Amino acid sequence: MKKKIVGIFVCMLLIMTILPMTALAGDEENPEVKDRTRDVKLFGLFTLFPQFPFTYVDIVSAWIYEEENNSKNLYMSLKLMDLKDTTQKYDAIYVISWMHKSIPYSAGVHIFPTGPTALYAGRWDEQDNDYVDFVICDGDIDSSTDIITWIIPKTAIGNPSKGSTITNLVPVTSLRYPDESVIPMWDLFKDLPWNAFLRNDYQILY
Ligand SMILES: [Ca+2]
Ligand SMILES: [Ca+2]
């Protein structure tokens, strides 16, 4: 009996040590980036009170995953506190950027009072602050789960191969006036990930 209990105990220890190693892909419970909440700031710098008008751009977390039987795509998800599929007056911008082999990439979507644009992703030029090239992606803007998911063809983002690493994962949200004649296209309110609890890399599985 004693041997059996020791055996079970050893098995449990083994399972506990193996599990974190195999849990490579991100999900809602194990995101690559976990941000603080109620931290949307004016110009990304100054704390705002109250926070409730900005919960739809308040980043909760971001994660990357893949599906074995659909390995041509990389999935990126961004969870907000209270995602809306239309805004009251602002242009809400949701972006995830990352590096792969020292080249920057970005996925984004705008949500306007009239609704969202297409989801897009591609190679990013940091100097020009614009896409070098991009593709329209499949994906989902789900206000019931507060999650935006980009389904990105790997061919559009440098064909990351199995075992290579996605680094510098940076989710950013911004609010600006959609009408250029009112105020130049400034980002008035932003949530940045510099105060995040967690920022991990992601290793390509397939
Ligand atoms: Ca946040
Ligand atoms: Ca933040």
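Let me begin with strand β5, residues 73-80, in this predicted model. Seven of its eight residues are buried, so the strand is largely enclosed by the rest of the structure. What pairs with β5? On one side of the story there is strand β4, residues 59-65, which runs antiparallel to β5 and is joined to it by six bridges, and one of these places Leu 80 of β5 as the bridge partner of Ile 59. There is also strand β11, residues 147-153, which pairs with β5 in the antiparallel sense over seven bridges, with Leu 78 standing opposite Ile 148 of β11.

Now let me step back to the whole chain. The protein chain has one helix and 15 strands, and buried residues make up 32% of its 206 residues. If we take the contacts with a separation of 6 or more, 62% of them are between residues 24 or more positions apart.

In soluble globular proteins, nonpolar side chains tend to be buried together. Here the largest nonpolar core has 40 residues, and those with the most contacts inside it are Val 57 and Ile 152. Among the elements that give two or more residues to this core are β4, β5, β6 and β11, and the largest share, five residues, comes from β4. Which residues does Ile 152 touch, if we do not count those up to four places away in sequence? They are Asn 73, Leu 74, Met 76, Ala 107, Ala 121, Cys 137 and Ile 157.

The covered face carries Ala 92, Tyr 94, Ile 96, Trp 98 and His 100, while the uncovered face carries Asp 91, Ile 93, Val 95, Ser 97 and Met 99. Strand β6 runs antiparallel to β12 and is joined to it by eight bridges, and in β12 the bridge partner of Ala 92 is Leu 175. It also pairs with β7 in the antiparallel sense, over nine bridges, where Val 95 has Gly 108 as its bridge partner. The hairpin of β6 and β7 has two residues between the strands, and within this hairpin Lys 101 takes a positive phi near 50°.

Ser 97 and Thr 167 are 70 residues apart in sequence, yet their C-alpha atoms are 9.4 Å apart in space.

Asp 39 lies in the loop between β1 and β2, and it is partly exposed, with 19 other C-beta atoms within 10 Å. Beyond its neighbours within four places in sequence, Asp 39 is in contact with Asp 191 and Asn 195, and its C-alpha atom is separated by 8.5 Å from that of Leu 192, 153 residues apart along the chain.

Finally, a word on confidence. The chain averages a pLDDT of 89, and 86% of the residues score at least 70. Over residues 17-23, however, pLDDT stays under 50, and the model has one contact for them beyond four places in sequence. Where pLDDT is low, the predicted coordinates should not be read in detail.

Terms used: Residues numbered from 1 in each chain as written. Chains lettered and ligands numbered in written order. Predicted model: local features only at pLDDT ≥ 70, side-chain atom pairs only at ≥ 80, totals over all residues. Buried ≥ 20, exposed ≤ 12 C-beta atoms within 10 Å, placed from the backbone. Helix = DSSP H or I, 4+ residues; strand = E, 2+ residues; numbered from the N terminus. Pairing = 2+ DSSP bridges. Contact = placed C-beta atoms within 7 Å. Core = buried A, V, L, I, M, F, W, Y, C linked by C-beta atoms within 7 Å. pLDDT = per-residue confidence, 0-100.
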